Amino acid sequence: MNKQSDKYGKMLFEFKEKVRRIEYLKYTLNSLIYWDKITYMPMNGIEYRSQVMGFLAEELYKALSDSQLKKYVEYFDGNKRNDKIVNGMVIRIKKNNSYVNKIPEREYGQYISLIANAEQIWEKAKGKDDFKLFSPYLEKIVEYFKYFAEYWGYEENPYDALIGYYEEGMTVKEIDKLSSELRDSIIELLNQIREKEGNAAKNNEPDRISLTIEKQKELSEWILSTIGFDFNSGRLDQGAHPTTLASSPEDVRIVTSYNENNIKTGIFNTLHEGGKGLYEQDIDKNLMSTLLAEVASFGVEEAIGRFYENIVGRSRGFSDSICSKLKRLSPQFEKLKPEEFYKNINKVEPSLIRIDADELTYTLHIIIRYELEKELINGQISVSQLPEVWNKKYKEYLGIDPPNNSQGVLQDIQWAAGYFGFFPSYFLANLMAAQFAAMMENEIGSLEELIFTGQFKKIHNWLAENVHKCGAVYSASDLIKKVTGGGVSSKYYISYLRRKYYELYDL
């Protein structure tokens, strides 16, 4: 018994040492180096940085493919002496290996180098409104993901393999069902609002409110502090596309973007990334060096972002607080009325840009990207056809015509960054955010009342205790069941939207 105990303890120590080294590589490549690349790295540094990122990706590949690591996983897989942490480590490594090890090492390194260059080319192409500059890179990325889908395997649709990378167990069939339910409800609400607005007097208040970038940075810092972000364990920077990157729970980098002519862009980018930042900071520090000090899934992290962006950020209570802060920031807001500001930030009006979309029509932006990705991976459309098909869908779904590719097919960084299969996570995030909110209200009371009275710590603590601190100990599906008692459902989000917009537009 003692010998077995000694063996288990020795093996566990060695196993954790292997995992710790993998985590160091992973955080360096995916967090610190990437953060620097999108914030402060000089433009001319991209070529060498791409080589460094390719090298680190190959080292990470080797570490995950190590034969000794495989022996540790085999030893601990199903071992009765395991606690939930060890079981979680085994599951996490098996999942990593099932994706990474099925891709030839050389091919994986080439793909990482391609992505590093593609992001910079995308930024140039967007600035020049030149899709042809970016399309050769996107064609290669699509081809890689077609290969990856075959390497990873699927039962019905190649795109299932890509969805599964981010949201384990989710399929095209399930997403299509949820998409159909939401689409019908959103279109119904949208038509009711359009009819109501068509018969109502026009609001003369400007849709866009200008503020200098420096003042918006100050506002963003106030927003993050208000919701509970710890600046001793994180920082806020500006970049071309909002994101949140964590090297540990004590080193969380938020990148936001601003529009000098529209403060709503910065406000809601910061709230969204701030929610994700809280999640990263709240993960149990004891999970470091286990590969479990990460979010449960991209979708769950995105759900927390959407929770703070919309359910908190667009509420009456929070909009009143922002209104008061704006008046303290600049005398130009002296006559800004809280009720008008609330209606302004919740106005339903289809837009060109996804990250600027109103809360109701945002899901339509996601459905468009989801459908285009499916068609690309299934060979139903080519990259060269993307601008035309994109514009057609925007006209059909949202009733608007993109004037150029910069505001159309080039607006998002996700494809350039290799996030194929990720957009359904945005879709699922809205559903999960509403489910979390419903459970929270059952336990700690009305969210509207908590927000009005400034009890953000109570909201934050509930999320930290029930979702954030668990890290990746549980799979996303297990975490959802643990918190809500069931699987992902559209009914909570549909109920939330109807309740909100019926009241807002007096439907």
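This is a predicted model: local features need pLDDT of at least 70, side-chain atom pairs count only at pLDDT 80 or more; totals for chains, interfaces and linings use all residues.
**Aromatic pairs**

Across the whole structure, the search identifies 37 aromatic pairs. One of them joins Tyr165 to Tyr166 in an edge-to-face arrangement, with 4.9 Å between the ring centres and 85 degrees between the planes. The arrangement counts as edge-to-face because planes over 60 degrees apart fall in that class.

Tyr166 also pairs with Tyr419; here the rings are tilted, at 6.3 Å centre to centre and 35 degrees between the planes. This second pair links distant parts of the chain, for its two members are 253 residues apart. Tyr166 belongs to helix 7, which covers residues 158–166. Tyr419 lies in the loop between helix 15 (386–398) and helix 16 (423–444).

| Residue | Relative accessible area | Class |
|---|---|---|
| Tyr165 | 35% | partly exposed |
| Tyr166 | 6% | buried |
| Tyr419 | 28% | partly exposed |

Tyr166 is classed as buried because its relative accessible area of 6% is under 20%. Tyr166 thus takes part in the pair with Tyr165 and in the pair with Tyr419.

**Charges over rings**

Arg253 lies over the face of Trp35, at a distance of 4.3 Å from the ring centre. Likewise, Arg314 places its charged end over the ring of Phe268, 3.8 Å from the centre of that ring.

Note on methods. Residues are numbered from 1 along each chain as its sequence is written. Side-chain values use heavy atoms; hydrogens and water are left out. Rings of Phe, Tyr and Trp (its six-membered ring) pair if their centres lie within 6.5 Å; planes under 30 degrees apart count as stacked, over 60 as edge-to-face and the rest as tilted. Buried means under 20% relative accessible area, exposed over 50%, partly exposed in between (1.4 Å probe, protein chains only). Helices (H or I, at least four residues) and strands (E, at least two) are DSSP runs, numbered from the N terminus. A charge sits over a ring if NZ of Lys or CZ of Arg is within 6 Å of the ring centre and within 35 degrees of the ring normal.
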